[in-house]
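Here are some notes to read alongside the model, for anyone opening it for the first time. Keep the 3D view open while you go through the points.

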Amino acid sequence: MEIQLPRGTRDILPDEVASWHFLEEKFRSICENYRYSEIRTPIFEHTELFERGVGDSTDIVTKEMYTFADKKGRSLTLRPEGTASVVRAFVEHKMFGDVNQPVKLYYNGPMFRYERPQGGRQRQFTQMGLEAIGSDDPSIDAEVISLAMNFFRSIGLKNISLIINSLGDKESRLKHREALIAHFEPRIDEFCSDCQARLYKNPLRILDCKTDHAHPLVASAPSILDFLNEESKDYFAKVKSFLDAIGINYTVDPTLVRGLDYYNHTTFEIMSDEEGFGAKTTLCGGGRYHGLVQEFDGPDTPGIGFGMGVERVLLALDKAKIEIPDANPLVCYVIAAQPEVEEKIVQLVNRLRMHGISAEKDYQKRKLKGQLKDADRKKAKYTVIIGEDELRTGEYTLKDMATGKQFLVTEDELITTLEKAEGDK
Ligand code: HAM
């Protein structure tokens with residue numbers, strides 16, 4: 001049997017990889033402008049980290065984790081998300097003691113969830129995300145959201161919308177929880193077995209259920225915004241006013257509860273409004289989590305962050321017909337006029353590369369015409385043709401492929417011209 005990819009995974013082929021580099025570079029440079037530093041955590045962690053962090057009544061923990069026992073029988077899980085690992089690292093390395101607070105960290109890497117694969121939903125997917133841990137200033141909420149919006153702007157995605165909500169603090173959430181139980185309890189037998197099990201454990205999850213999302217009781221459920229105490233209301237008002245101050249448009253949606261248990265206060269999602277995108281349009285989701293650091297035995301420390309799905313962002317770019325620029329175009333293709341000059345071609349290509357110039361030659365014994373075609377296919381900015389005459393005179397013909405202009409140059413002049421072209425890329 002021919003071995004194929006596991007379901008829900010993808011190869012990223014060489015002609016797609018430029019788009020990945022483009023997004024990674026943009027994300028890195030924006031994060032660094034906002035003064036976030038990169039963190040890299042392991043791909044697998046102790047299962048308990050996610051059970052306690054993400055929450056044992058979430059779909060992620062109950063249905064979607066890739067969990068296995070290692071050879072010593074320890075239960076390990078391929079990370080389904082990044083926040084729990086980053087917060088674990090924050091506690092483990094006592095970053096709460098750093099003089100620089102909040103600690104601002106970003107990451108980029110594969111995550112794993114056993115979900116039903118479809119457009120924009122995979123079993124191995126990639127998240128670029130960040131966490132700001134150690135401040136409960138609402139201006140950080142606006143900063144985190146603005147960083148994500150700025151990232152989308154910088155890659156040319158305009159057709160997006162931001163949805164925000166507040167889940168309030170513990171006191172507000174407890175009151176809301178009681179109201180949700182009273183709302184669903186009389187008709188809970190109309191809901192799926194998951195929702196029935198969630199009613200007393202975590203009724204907020206019912207609002208996020210993939211099976212029962214169309215049940216009329218979900219739409220008429222009590223809104224968290226009616227249960228926010230003064231402090232939570234005030235916090236949310238400040239976040240909104242900072243977003244207004246920096247010109248970020250948003251819609252408040254009280255049904256935005258998110259699929260992970262650690263959230264409180266601000267939650268947000270950024271959606272793509274591109275046509276034909278498919279069912280899953282959330283590019284980025286995040287929010288505040290007070291209590292997660294404490295859950296992992298660190299001091300009571302507030303945090304906020306987001307994760308964005310790189311595959312979904314690429315789909316949105318594709319739907320929006322945004323061309324990704326080639327970050328490293330070929331500067332010079334060196335052409336042999338006769339097979340006898342091959343050794344000189346090998347030397348010259350090597351010399352160009354030693355000068356940091358991207359250079360290519362033929363490896364298929366093509367005739368002159370075939371090499372010219374190959375240079376065209378590879379979109380070389382320049383070609384240089386070398387034959388026995390050129391070797392004798394020491395002057396080469398350099399052709400600018402965009403304008404068709406040709407110049408006679410010595411080898412040193414060739415290097416100077418191409419170095420400049422390389423620098424101008
Ligand atoms: P999340 O909403 O579960 O949040 O995931 C964030 C983003 O990851 C989603 O909006 C989506 O773009 C992408 N994503 C999730 N699952 C899949 C999948 N199966 N296939 C493709 N893309 C997917 C979190 O993971 C939180 N850790 C975000 C966060 C960080 N909150 C605070 N800090």
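1. The protein chain has 15 helices and 16 strands, taken as DSSP runs (H or I of at least four residues for helices, E of at least two for strands) and numbered from the N terminus. Its radius of gyration is 28 Å, well over the 22 Å that the globule rule gives for 425 residues, so the chain is more spread out than a compact globule. That radius is taken over C-alpha atoms, and the globule rule is 2.2 Å times the number of residues to the power 0.38.

2. A word on what you're looking at: this is a predicted model, where local features need pLDDT of at least 70 and side-chain atom pairs count only at pLDDT 80 or more, while totals for chains, interfaces and linings use all residues. Residues are numbered from 1 along each chain as its sequence is written, and side-chain values use heavy atoms, with hydrogens and water left out.

3. For overall dimensions, the C-alpha trace spans about 95 × 55 × 45 Å along its principal axes. Of the 425 residues, 49% count as buried (under 20% relative accessible area with a 1.4 Å probe, protein chains only; exposed is over 50%, partly exposed in between). Among contacts with a separation of 6 or more, 71% join residues 24 or more positions apart, a contact being heavy atoms within 4.5 Å.

4. Now the open space. The second largest pocket holds about 760 Å³. Of the 28 residues that line this pocket, the closest to its centre are Lys 170, Arg 173, Asp 261, Tyr 263 and Asn 264. A pocket here is an open set of points on a 1 Å grid over the protein atoms alone, with protein on both sides within 12 Å along at least five of seven lines; a cavity is a set where a 1.4 Å probe fits but cannot get out, and lining residues have an atom within 4 Å of a point. Points are joined across faces, edges and corners, and a volume is the space filled by probe spheres set on them.

5. Which element gives the largest share of that pocket's lining? Helix H6 does, with 6 residues. H2 (47-53), H6 (170-184), strand S9 (264-272) and H10 (292-295) each supply at least two. By class, the lining has 9 nonpolar, 10 polar and 9 charged residues; Ala, Val, Leu, Ile, Met, Phe, Trp, Tyr, Cys and Pro count as nonpolar, Asp, Glu, Lys and Arg as charged, and the others, Gly among them, as polar.

6. There are also 2 cavities of 30 Å³ or more. The largest has a volume of about 40 Å³, and its lining includes Arg 173, Asp 261 and Tyr 263. The second largest cavity, about 30 Å³, is lined by residues including Ile 39, Arg 79 and Tyr 107.

7. Have a look at strand S7 (residues 160-166), where 6 of the 7 residues are buried. S7 runs antiparallel to S9, with 7 bridges joining them, and parallel to S8 (residues 251-252), with 2 bridges; strands pair if DSSP finds at least two bridges between them. Ile 163 has a bridge partner in each: Glu 269 in S9 and Thr 251 in S8.

8. Finally, Ser 223 sits in the loop between helix H8 (216-219) and helix H9 (230-245). Is Ser 223 buried or exposed? Ser 223 is buried, because its relative accessible area is 19%. Leaving aside residues up to four places away in sequence, Ser 223 touches His 176 and Pro 254.
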